[in-house]
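Reader: I would like to go through some labels and see what each one rests on. Please set every value against its definition.

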Amino acid sequence: MNLDQTKHRMEGAVDTLRKEFTGLRTGRASTSLLDKVSVDAYGSAMPLNQVGTVGVPEPRLLTVQVWDKGLVKSVEKAIRDAGLGLNPQPDGQLVRVPIPELSQERRLELAKIAGKYAEQARVAVRNVRRDSMDGLKKEQKDGKMSEDEHKTQSDKVQKLTDETIKKIDDALAGKEKEIKQV
């Protein structure tokens with residue numbers, strides 16, 4: 001059982017959570033909002049950032065400078081169909097994406113979704129802890145580790161778990177504050 005490996009796996013859960021949070025819309029424009037959008041281009045689905053440049057000229061506006069004029073309609077359709085509640089407006093090779101004001105109802109809904117993401121991350125961390133603890137028990141049972149060493153390692157794994165869960169809770173609190181901020 002390797003403590004560094006356990007830490008790495010737990011940090012992975014926190015990183016994944018942070019990436020999921022960037023996709024959650026707040027009242028402000030962010031280029032990461034369009035990260036998950038894929039465009040039908042040249043016969044295959046491509047990430048939006050491979051067919052144009054995403055920019056934030058104003059706090060409530062995103063722009064996509066499409067490189068190939070023939071893909072403007074595809075980019076517009078991909079953003080509209082992405083389920084983000086956005087209404088893109090083409091203007092030559094530039095697609096403007098105004099970020100509408102969030103209703104209180106939608107803010108609460110987004111906060112709930114953020115809570116679900118955080119719970120998934122907590123579950124992932126607990127699974128890593130369980131795997132590590134099982135590994136420690138096996139090492140002790142096989143005689144590769146003394147009972148005292150097992151106790152010390154178990155305490156380290158638990159401490160690591162508690163620290164990681166705290167990071168998740170802090171990230172959630174920050175995201176909820178950002179979502180509920182008018």
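Author: A salt bridge is a side-chain nitrogen of Lys or Arg within 4 Å of a carboxyl oxygen of Asp or Glu. This is a predicted model, in which local features need pLDDT of at least 70, side-chain atom pairs count only at pLDDT 80 or more, and totals for chains, interfaces and linings use all residues. Residues are numbered from 1 along each chain as its sequence is written, and side-chain values use heavy atoms, with hydrogens and water left out.

Reader: What makes the contact of Glu119 and Arg122 a salt bridge?

Author: The N to O distance between their side chains is 2.7 Å, and the limit is 4 Å, so the pair qualifies. Both residues lie in helix α3, three residues apart, about one turn of the helix. Helices here are DSSP runs (H or I, at least four residues), numbered from the N terminus.

Reader: What are the labels of Lys138 and Asp142, and why?

Author: Lys138 has 51% relative accessibility, so the label is exposed. Asp142 has 41%, so the label is partly exposed. Their side chains meet in a salt bridge at 3.0 Å, N to O. The structure holds 15 salt bridges.

Reader: Why can such side chains pair at all?

Author: Side chains of opposite charge can pair when their charged atoms come close.

Reader: Which residues of the lining of the largest pocket count as nonpolar, polar or charged, in numbers?

Author: Eight are nonpolar, three polar and five charged. Ala, Val, Leu, Ile, Met, Phe, Trp, Tyr, Cys and Pro count as nonpolar, Asp, Glu, Lys and Arg as charged, and the others, Gly among them, as polar.

Technical notes
Helix = DSSP H or I, 4+ residues; strand = E, 2+ residues; numbered from the N terminus. Buried < 20%, exposed > 50% of the residue type's maximum accessible area, 1.4 Å probe, protein only.
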